[in-house]
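Let us walk through this structure step by step. Keep the 3D view open as you read.

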Amino acid sequence: MGECVIEVRNVSKSFRGEAVLKDVSLKCEGGRIYGIVGYNGSGKTVLFKCICGFFHVDAGEILINSKQMGKEIDMLSDAGIIIEEPGYLRNLSGYKNLDFLYRIRNKPNKQHLQDIMQKVGLDPFSKKHVGHYSLGMKQRLAIAQATMEDPGILILDEPMNGLDKQGIAEMRDFFEEQKSMGKLIILASHNKEDINALCDEVYEMDKGTLNRVR
Amino acid sequence: MYPVKYFKQVLLGKIFRPRTYVLLVLLGFVTYLYVKPVVAFSQEVHYKAAPWAFPFIVSNIYFIFLFMLGIVYYFSDVPFMQYYNMYQVIRTGRRNWAIVQIAAIMGQSFFIMGFGFLASVLCLGGHCELTLGWGKLLHTSALTNAAEHYGFLFSVPYEAMQRFEPLELAALTICIGSLVICFVGLLMFAASLVFNRNVAVFLAAAMAAAVYFVENIHPLIAQKVSMFVPVSWMRTTNIATKVHGSYVVPPVGYMLTALAVGILVLCMIILWKVKRVEFQWNKED
């Protein structure tokens, strides 16, 4: 087992008095895939946003490599994320969107971005604007965006949304490969097949509480 | 992180987008309406106009009000929580992301004022005379009733022409105008973080409407009141103009200092608040 990188300790979170997360605890280590299942509105996405640093917790704490989120660090920086809808600059091509994000922390690397786009099944030379992409193409681009900087952690909320059967099979192989590289992956999905095929540990989120089911 | 490159990309992204095009088309159209009588005057007397009408146009109360409403619309996407920002924040961290948004508001402000000036020159077309002086046309407009005769939508106060060189007044107008736009943009950003977007839009719209208040109060107290209404400072030709023996806008030094301090305070509020804010991403483009 790898080093523990994410630890969620007794986290609670409410919005306008309504509890969305209730005393949630979770420990995640590198080289494993963690699955979270649950109905819409059960709190999965809120948990992901708390882990990423977009939301502050009301009680409890989230530790990333022993550093407390919101105090010692303000964002989960070494992470690739897909949360809710993939959001892009609609009037740019997929490649240009990736290039824009990649350049924030890295020197430009055309070849690397072309390779990663091809790996997720997108044409890096296409001039098509993201605004004209299908949901499946946006999802593939989101996966490229999340993995292009080789982060240690992947937070993936419904990453298979909009993908066809072949796309799902390709992405499963892709996530297995990422896991074998020692990455920590937390995956939320409605699809039990994805969860069963990929995850080492499975949790169920129900009305804000998280319970291990496998 | 490569902050300069990131800032450049964010600024270009904010300039080349439909929201900017809408603002620039409206600004260009309104400027055209204001410049049209100058062109008519120029055609009639066969004299070309100097390219310095911009400060006089900006000093018109109706123009400034419409212009500022355009600015409120332009910045109404605060606090910039569209989904595409999510992938940026995770890479930059909260503080760096906010710094770049602040810098982009500043960049956009100078771009918009620069465009306004350029539009006023381009609308003159072939009737523009490239001169560093005020030119015969503006002089005549200031000293005779020609402006009224040709239906000018703005006044040309001679005091402003006496006090300032054309380039000096144009530069001052662009500088103060840019700082005021920047102040309004940052105020909207800060208010949207502290309260919400509706409050931000209301505050900025109220600031735009406050120029009418300053215009309509007694001239003896107009200057004191205008000290708290930055949008009225964009009317730079009033700097040299006395109404009933009193100036109606504060001195240049006060305006520049107050804008610098105001911008600094707003930046501090934004950087303080962005550390604590919860990012509620939305679909809006």
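In which sense do strand E3 (residues 33-37) of chain A and strand E9 (residues 201-206) of chain A pair? They pair in the parallel sense, over four bridges. Bear in mind that this is a predicted model. Take one bridge as an example: Gly35(A) has Val202(A) in E9(A) as its bridge partner. In general, the strands of a sheet pair through backbone hydrogen bonds, and they do so either parallel or antiparallel.

Now widen the view to the sheet. E3 and E9 belong to an open sheet of six strands in chain A. Read across it, and the order is E6-E7-E8-E3-E9-E10. The pairing is mixed. At the edges sit E6 and strand E10 (209-212) of chain A, and each of these pairs on one side only. From one strand to the next, the twist averages 15°.

Next, look at the helices against this sheet. Helix H1 (residues 44-52) of chain A packs on the sheet. H1 touches E3, E6, strand E7 (153-157), strand E8 (184-188) and E9 of chain A. The direction of H1 makes about 155° with that of E7(A). Helix H4 (residues 135-147) of chain A lies across E6 and E7 of chain A. H4 runs at about 160° to E6(A).

Where does chain A meet chain B? The contact takes 23 residues from chain A and 24 residues from chain B. On the side of chain A that touches chain B, strand E6 (79-82) and helix H2 (94-105) of chain A are the elements that give two or more residues. H2(A) gives the most, with five residues. Sorted by class, this side of chain A has 13 nonpolar, four polar and six charged residues.

Find helix H6 (residues 94-122) of chain B and helix H10 (residues 166-194) of chain B. Their axes come within 8 Å and cross at roughly 140°. That angle is why H6(B) counts as oblique to H10(B). The crossing of H6(B) and H10(B) is right-handed.

Which residues meet there? From H6(B) they include Gln101(B), Ile105(B), Ser109(B), Gly114(B) and Phe117(B). From H10(B) they include Ala170(B), Gly177(B), Ile181(B), Cys182(B) and Phe189(B). By class, the contact of H6(B) with H10(B) has 13 nonpolar, six polar and no charged residues.

Conventions. Residues numbered from 1 in each chain as written. Chains lettered and ligands numbered in written order. Predicted model: local features only at pLDDT ≥ 70, side-chain atom pairs only at ≥ 80, totals over all residues. Contact = placed C-beta atoms within 7 Å. Nonpolar A, V, L, I, M, F, W, Y, C, P; charged D, E, K, R; others polar. Axes fitted to C-alpha atoms, helices over the stretch in contact; angles between N-to-C directions. Parallel < 35°, antiparallel > 145°, perpendicular 65-115°, else oblique. Left-handed = near helix turned anticlockwise from the far one by under 90°. Pairing = 2+ DSSP bridges.
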